[in-house]
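Welcome, and please take a moment to look over the sequence and the model below.

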Amino acid sequence: MNPTTTNISEQLTLDGPISLTAAVLVGLGALLVFAWALWRERKILGPKQTVFFWCLRVAAVATVLWMLLAPAQRRVETSRTRRAIALVHDTTGSMRTVDPVGTADELRWAISVSDSESTPIQSGDKAVVAMGLARRHLNAALDALKHYQPEAVFMKEMTTTGRAINRVRSHLERLSKASLSSATKTSIDRQLTALDDAEFQSFQSVVNALEKGRTPTEKGWRESLPDLEYRIAGAVRSLRELARQVAVDVQSQPDEKTKPQLAKLSRRSRGERVQNRIQHLHTSTLKALEDTADVRFAEFAQSVNWSTTPPKPPAAESEEEEPDPTLGTDLAMALEQVQRRGQEQPLAATFLFTDAAQNQSNEGSPQEVARRLDNTPVYVVPIGNTRYVRDVILQSVSAPAVAMRNDDVVIEANLEAHDCAGEVCHIELLQDGMVIDFRDVIFDSDFATRSVRFEQHVPEIGRQVFQIAVAPLDRESTDQNNYDEVEVNVTRSDIKVLLTDDMPRWEYRYLTQLFRRDAKVECDELLFRPRMIATGRRKATRTLPTTVDEWDQYDVVLLGDLPPERFSTVAQQSLQEYLHDRGGTLVLIAGRNAMPQAYVDHPLEEILPVRPVNSAGDAATRFAFRVTEDGLSHDALMIGETEAATRTAWDFVNRYSPLHEVSAWRHPLPSAETLIAAVPRDQPEANQDAASSAFLCWQPIGRGRIVYLAGPETYRLRLLRGDSLHYRFWGQLLRWAIAADLSTGTQFVRIRTNKSRYQTRDEILATVELSDADGKPIMAENLEIQITSGDNLRTVALKSQPTVPGQFQAEIRSLPPGVYRLEPVGAKIDELQQDSLEPAVASITVQANLPREMVDTRCDLALAGQIADLSGGQVLSPTTVEEVLALTDLEPIVTETIQRKPLWLEWKYLWIVFGCLQTEWIVRKWKGLS
């Protein structure tokens, strides 16, 4: 239905300098004069010419008078646009929460749907709202004065302000008659006395004079309005405290009529309470407003659905489709829809019933959208518990993602407890369902956070999965957040490393000492100058490896500033094949003499993850470490025992460790991932440099990977906290380098997944590798991954990787929660596993997505207040919607458009006048008359 109706009326108007009466008199006089003059010439002219000349003169005079009257066609178009009231309520998953008794202001919700019209709580709440509206309209009146708006606008705002203050006085007088405590009655009397002081009385006199169209007699009344605004703001705060006191008094002795309502509410969800309130409004207050304004209802979850009818009664709610709990509350989306609705029809007021828990991603925040709702005040009616209920929440569990066999890893659990003061909580560390360690934690306050650390020895190679379980407390709201798992990839206990450089730079010296002290690292050294040093497998040849098998003797190869004459083309080509086919790891440490700038047009250049930058200004620029966001969460840079400790350590490095030597070869390729950037030291927050200036980056090369350091600078980590940061950095980097080989299966068939635990929306990547007895890759066709869980069976095709011979991958999507067994199948796999006792299999767990909407169901009063303030509304209790409607202008918006079309402003009328006069003159000349 179109909210705008248009009426059109047309009429003839005379807007000339003379009136119609004057024109008639002038015309009659002129006719008499012309008749008398022609009568005197009748014998000369003859009867026919006399009548002809008289007609010509009548036509000329009539035309002149028509033009002097200035007739116009007046078209008046009057448009009346009905205002609308919008009641928007939240139907997301959290609105199905049944709040514990006494936590969600049940008394106000019970009163709001009762038959009683003037309970003390209602009177107190309405006084607060009315005074808030008085403040809003007074500010609007001040703006009208400041910006020289029409006087009618100023008058309207002033009158509404006066009405609101009078309603505050009425509510307080009604409240003073209620049975309340003496302290509360004293507060009521104090508020009434304040409303009767000279300032408010003077304002009321001004309003009365303006309503009668008179000029106020009070001197300086315009200048006193800003002071009154401060008085009203203070009164709002005082009335809010008074309303709280009244509620405390009433809650101690609830009315007999509201007790049945309270009993019903204790079993109802938030959504049911809101629907009851809207139904009550529809059958009472809103019915009386339908002749004046339109009422629109809306509900929002994934989208906003508008209707002209109220929501279904709670009894029919079970027939509706339940909302998806994984989708959160998107208040920004709801407010955007309100804004669009307001563009179609002006909204006098929008009442938003919600728990105000914005937890859904949106391009704009609710505050930004509310700021754009200048002409649509949003009154938020919050519902729900504003505090956490009694619960112990296992917020997170962290552990090193990669460790070596026989390492001691730290597993840290972060707990958050609410309403558990004095309680003792039992936390267990489990593996394969068996308790291997435990801790007892005491919470000393109603809100407490604790970190619990477990140190665990990992003697076995492979993926080790640990569980943290928190024993539920009595009367805990839920135990669904008391459990979590963490996975540690345990590699073998020995790492074979080749470390080589041309000259003993500081980086080389510290690395040799570091690896010599580490019993888990077997390091072969190769130094060419100032004297040849070759140890281990390099002692015999005193050169770099030249075949793939020689390179394959090492897990990690570290190459320093070697010139091309010491690194032959054959050695480069075999190194490239070692990375691609054997899955090795190469670490390149740039230098100022040769690496990598001297290897342009060499095979090594093909696998470099960087290209040179414009280094014109590098000489004058001082650089510093800047760990990227990807680096902070990367396994290779976990230099602390926990994730929090890692972030703290890297923040320390970022602030206090400069880079003195940085190669111009540091612009990462699109295929490279930058973990540490080299940024200007005087601009440590220059994040834009992180994407174009890499200090540490890496990229995959077939089965292997290449890690690039843009300078020999990591030894400077020793200058910060002794050897701990330097040792942890290189130890974790080496662990990460060899962790890629972790997989399960047989000698010839290996299978691994990118994770062991997934959410239902995650994509699972399964990788299968086939090799012969010599470790060489095997190609095959028609291979599949067989996925089983109980009686359910599913297969997904394995696709060969063209860049990695012998490697096949499958992308698995949309697995429901459960435990799954993944087994590669195919003719070639059967042939390779015919002598194996057990086939190659992997096990994964798919967990149900943690419902964001249900993790935290608290009502966010702070956000509700921000939305209301920015849009010009208020935060309301459910008892005060009627008060807002009583003080809201619901009269239609009337616009009048007037169009005038002059009917005399045409050349033809002048031609008529001159034509008549000229005709008489010509006839007279022709007849020889005077």
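Gln456 sits in strand β13, which covers residues 447-458; helices (H or I, at least four residues) and strands (E, at least two) are DSSP runs, numbered from the N terminus. This is a predicted model, in which local features need pLDDT of at least 70 and side-chain atom pairs count only at pLDDT 80 or more, while totals for chains, interfaces and linings use all residues. Residues are numbered from 1 along each chain as its sequence is written, and side-chain values use heavy atoms, with hydrogens and water left out.

Is Gln456 buried or exposed? Its relative accessible area is 15%, so Gln456 is buried (buried means under 20% relative accessible area, exposed over 50%, partly exposed in between, with a 1.4 Å probe and protein chains only). Leaving aside residues up to four places away in sequence, Gln456 touches Asp407, Asp408, Val409, Ile411, Leu429, Ile436 and Phe466; contact here means heavy atoms within 4.5 Å.

Next, find Ser398 in strand β8, residues 391-398. With a relative accessible area of 4%, Ser398 is buried. Which residues does Ser398 touch, not counting residues up to four places away in sequence? They are Val410, Ile411, Glu412, Val486, Thr642 and Glu643. His602 is 204 residues from Ser398 along the chain, and the C-alpha atoms of the two are separated by 44 Å.

Now turn to a helix. Gln122 lies in helix α4, residues 120-146, and is buried, with a relative accessible area of 6%. Between the C-alpha atoms of Gln122 and Thr193, which are 71 residues apart along the chain, the separation is 21 Å.

How do helices pack together? Two packed helices are described by the angle between their axes and the distance between the axes. Take helix α5 (residues 151-176) and helix α6 (residues 182-195): their axes come within 10 Å and cross at roughly 150°. Axes are lines fitted to C-alpha atoms, for helices over the stretch in contact, and angles run from 0 to 180 degrees between N-to-C directions. The helices α5 and α6 are therefore roughly antiparallel to each other (angles under 35 degrees count as roughly parallel, over 145 as roughly antiparallel, 65 to 115 as roughly perpendicular and the rest as oblique). Residues making this contact include Ile165, Val168 and Leu172 of α5, and Ile188, Leu192 and Leu195 of α6.

Helix α5 also packs against helix α7 (residues 198-211), at an angle of about 135° and with the axes 10 Å apart. That makes α5 oblique to α7. Among the residues in this contact are Phe154, Met158 and Ile165 of α5, and Phe200, Phe203 and Val207 of α7. Ile165 of α5 takes part in the contact with α7 as well as in the one with α6.

Finally, step back to the whole protein chain, which has 25 helices and 38 strands. Its C-alpha trace spans about 150 × 95 × 60 Å along the principal axes. Buried residues make up 50% of its 930 residues. Among contacts between residues at least 6 apart in sequence, 76% join residues at least 24 apart.
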